[in-house]
Structure formats: C-alpha cells, structure tokens
Amino acid sequence: MKKIGIIGYGLIGKYIHEHLPELGDAELAFVYDLSSEATAGLDPELVLSSPEKLSECLEVQAVDIVVEAATYQAVWQLAPVVLPHADFLTFSSTAFADENFRAEAEKLCKKWNRRIHIPHGAVLGYDGIFDGRELLESVVITTTKRPANLGSNVKEKTVLFDGPTREACQKFPRNVNVHAGIAIAGLGFDKTRSRIVADPDVEGNTHLIEVQADGMRFNIEVCSVPKGLVTGAYTPVSAFNALKRIVSDEPGLVIC
Ligand SMILES: NC(=O)c1ccc[n+]([C@@H]2O[C@H](COP(=O)([O-])OP(=O)(O)OC[C@H]3O[C@@H](n4cnc5c(N)ncnc54)[C@H](O)[C@@H]3O)[C@@H](O)[C@H]2O)c1
C-alpha cells in the first residue's frame, strides 16, 4: 500500500485526489492547503494547514510520496519538513532556480536518502533533453499565453521577457515551471533561454521548445487550453499519470 500526501488542493491537487482510486493499492494520507475554502469538502481528519501539523502527521504515518501542487514558496518552506519522511513530487519547479534552496534540497535528499521528482507537467521531452544533455548547444523555450494569464494587459502580441531561465523564474514564477524543468533536464538555469509572449489572440497556453545540439535539432510544441488562470488542460492528467509511474517504480526525471 502506497501512502500519498497532497500539498495544494487546487486544480492539480484535486484532480490527483479524485483519481487516486485508479492507482489501486494507494491511500491518501493528508491534504495540506493554507486555504480552508479549498479543502472545505474534505474529511477534516485529512486536512492540514500548518508546517507543524504536517511534521506531526509525517512523524506518525509512513507516507511514501508527497505531491506539491501549490506554489514555489510551499516547496521552499515544506521541503525540509517533507524530505526527512518521504519523497517529494514538485510541480512548482521554479523553486529550484534559487541556488541556495537547490543546494539545501540536494543535501536533504542525500541525508535522508530521498528523491525529488520533477514531472513533465505541461510539456513533453524532458527525457530526450536529459538523455542528450552532453550534446546540447542551445535550448530555447517560448511560452505564449493570453495577457491576463501572465498578469499583463497588453493589447497586442508582446514579448514580455527574453533572457536566461533563472531570471524568468524570478519574474514569472507561476508561469515558467516548465522552463525550470527543461533547464534542470538540460543546460541549467543560466544557459537555457526563456521567452515569454503575451498574445490576446491565442486560445491556449503554447510552449515551444527548440533544442539544437551537435548533429541534431528538434522542436516540440505543446498547446493546452487553461482551465484556471495558469494550468492548462493537459497538466492535471499528465500530473496524475506521472504520479502513477512513480508509485509503480518507473521514476522518470529525478533531481536528486
Ligand atoms: N510543472 C508544470 O508543468 C506545471 C503546470 C501547471 C501548473 N504548475 C504549478 O503547479 C502549482 C499548482 O497549480 P494549480 O493550477 O493546481 O494551482 P491552483 O491555484 O489551482 O491551486 C493551488 C492551491 O495551493 C494552495 N496554496 C497556495 N500556497 C500554498 C502554500 N504555501 N501551502 C499550501 N497550500 C498553498 C492554494 O490555496 C490552492 O488551493 C502552481 O505552482 C502552478 O504554477 C506547474
């Protein structure tokens, strides 16, 4: 029996909870969310809302994996609480653009013999980029969304950012989690180039990943229509199936 905890009960967290029965031999250990509104319909025994309560819960329950679908701040705050007890699957991957946090996370993983999984979330291709990383010469990822989904009110197609992924993670932390994943898989946060484009005429979130390497190049374009302000339709489904692979011991991309 695998025990699974969820941090963040929004679009992704809720979808994962609803589909947990499909994992077969798995059980929900807790849901951690700062908003009582978000968790209103849940059994109160399952709900946690402070790092202290989370720590107490992890002390007494043998949780296998904790899924984070909240914010990068939750990853920063709760990784030291989670990793002594369980592996971590993080959707807010921009958290790892902070060098100090990444070093701390790696230290914790080593100390407690844990893994932090980076799911492919809204895009595809982490595996191919990771496996070809010695050959890579340039990786550019361009995300195009409607202005409101990027916190902008421009009236025509506008490049809001073009530069290193580390800076994109600081400026658009909720919108470039896939840039962070691509950076971790390939050239790192400083050598991966991020472009963020606001376009009032697009329907969905589009991510174009352009990879050039010694002797090869490939482009991947993924478009998915958002159900909320940030997350596209593909992500909750890919999120659940990534968890399914991990609990079946097919780990995919791990950071440490
Ligand atoms: N890696 C990817 O491809 C990818 C794709 C889409 C979304 N995301 C990221 O995944 C995360 C979840 O996305 P979503 O669409 O489900 O979000 P959402 O806004 O629907 O839900 C987030 C939930 O987290 C809760 N929350 C916020 N801060 C918290 C904290 N510090 N501790 C605990 N709970 C907290 C909120 O109350 C909310 O219920 C976001 O960071 C989003 O940017 C990643």
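Glu22 sits in the loop that links helix 1 (11–19) to strand 2 (26–32). Helices (H or I, at least four residues) and strands (E, at least two) are DSSP runs numbered from the N terminus. The model is predicted: local features need pLDDT of at least 70, side-chain atom pairs count only at pLDDT 80 or more, and totals for chains, interfaces and linings use all residues. Residues are numbered from 1 along each chain as its sequence is written, and side-chain values use heavy atoms, with hydrogens and water left out.

Glu22 counts as partly exposed because its relative accessibility is 49%; buried means under 20%, exposed over 50%, partly exposed in between (1.4 Å probe, protein chains only). Beyond its neighbours within four places in sequence, Glu22 contacts Phe240 and Lys244. Contact means heavy atoms within 4.5 Å. Val75 lies 53 residues from Glu22 along the chain, with 26 Å between their C-alpha atoms.

Now the domains. The chain splits into domain 1 (2–121 + 234–247) and domain 2 (126–224), with bounds from an automatic or database domain assignment. Their centres, taken over C-alpha atoms, are 25 Å apart. Domain 1 gives 15 residues to the contact and domain 2 gives 13. About 1,100 Å² is buried between them, 63% of it from carbon and sulfur atoms. Buried area is the accessible area (1.4 Å probe) that two parts lose on being put together, summed over both.

One salt bridge is counted between the domains. Arg166 forms a salt bridge with Glu99, the closest N and O atoms being 3.1 Å apart; the rule asks for a side-chain nitrogen of Lys or Arg within 4 Å of a carboxyl oxygen of Asp or Glu.
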